[in-house]
Structure formats: C-alpha cells, structure tokens
Amino acid sequence: CEYGDSFRNCLTLEGISTGASADEVVAAYGDGYTDNGDSITYKSGDSQLSFFFTDGTVSDITYDYIDN
C-alpha cells in the first residue's frame, strides 16, 4: 500500500482494490452507501470508507474518521 492523502494500490478486507467496478464494490459492501456522483461512501459509527471512480473503475480509496 502507498499512503499520501489516501491509500493507493491497497486491497480492502473485502477484496476491493483500484480497478474494481462499482458493481464489484456494491457486491462486496452492500447497498447501504451514499452515491456522490464520482464516488460512493459507506459510513459506520465514526468512520467512512469512500471509493472514487475514474472511467468506471475505482481509482482511489479513502478511509476517514468522522468527528461527530
């Protein structure tokens, strides 16, 4: 994995990495997401996992803490 402002070249526990399609992300994580146009975000408690898409495939994955 590489870390800058986000992770690149990583594989999530559910087997998703850059290059995956939106259908693959939803199959792995389910329908409980927010569609932001060029990304989809899953929230759980005080964290969120976002998948960003370029040309229909995951180009970036971020995992963030949410300060409620």
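Ser39 is placed in strand E4, where strands (E, at least two residues) and helices (H or I, at least four) are DSSP runs numbered from the N terminus. The model is predicted, so that local features need pLDDT of at least 70 and side-chain atom pairs count only at pLDDT 80 or more, while totals for chains, interfaces and linings use all residues. Residues are numbered from 1 along each chain as its sequence is written, and side-chain values use heavy atoms, with hydrogens and water left out.

Ser39 has a relative accessible area of 4% and is therefore buried; buried means under 20% relative accessible area, exposed over 50%, and partly exposed in between (1.4 Å probe, protein chains only). Apart from neighbours within four places in sequence, Ser39 is in contact (heavy atoms within 4.5 Å) with Thr34, Phe51, Phe52 and Phe53. Thr34 belongs to strand E3 (residues 34-35) and counts as partly exposed because its relative accessibility is 42%. With neighbours within four places again left aside, the contacts of Thr34 are Ser39, Ile40 and Thr41. The C-alpha atoms of Thr34 and Ser50 are 9.3 Å apart, at a sequence distance of 16 residues.

The protein chain contains 1 helix and 6 strands, in the order β-β-α-β-β-β-β along the sequence. Of its 68 residues, 32% are buried. Among contacts with a separation of 6 or more, 28% join residues 24 or more positions apart. The mean pLDDT of the chain (the predictor's confidence in each residue, from 0 to 100) is 88, and 85% of the residues score at least 70. By element, the mean pLDDT is lowest in strand E1 (residues 2-3), at 56, and highest in H1, at 97.

The largest nonpolar core comprises 11 residues: Ile16, Ala20, Val25, Val26, Ile40, Tyr42, Leu49, Phe51, Phe53, Val58 and Ile61. Such a core is a set of buried Ala, Val, Leu, Ile, Met, Phe, Trp, Tyr and Cys residues joined through side-chain atoms within 4.5 Å. At least two residues of this core come from each of helix H1 (22-29), strand E4 (39-44), strand E5 (47-54) and E6. E5 provides the largest share, 3 residues. In soluble globular proteins, nonpolar side chains tend to be buried together.

Gln48 also lies in strand E5. Residues up to four places away in sequence not counted, Gln48 touches Thr41, Tyr42, Lys43, Thr62, Tyr63, Asp64 and Ile66. Gln48 and Tyr33, 15 residues apart in sequence, have a C-alpha to C-alpha distance of 10.0 Å.

The loop between E5 and E6 includes Asp55, which is exposed because its relative accessible area is 81%. Asp55 has a phi near 55°, a positive value in a residue other than glycine. Most residues other than glycine have a negative phi.

The largest pocket has a volume of about 170 Å³. Of its 11 lining residues, Cys10, Leu11, Thr12, Leu49 and Ile61 are the closest to its centre. A pocket is an open set of points on a 1 Å grid over the protein atoms alone, where a 1.4 Å probe fits, with protein on both sides within 12 Å along at least five of seven lines; lining residues have an atom within 4 Å of a point. Grid points are joined across faces, edges and corners, and the volume is the space filled by probe spheres set on the points. Strand E6 (residues 57-65) contributes the largest share of the lining, 3 residues. The lining divides into 8 nonpolar, 2 polar and 1 charged residues, with Ala, Val, Leu, Ile, Met, Phe, Trp, Tyr, Cys and Pro counted as nonpolar, Asp, Glu, Lys and Arg as charged, and the others, Gly among them, as polar.
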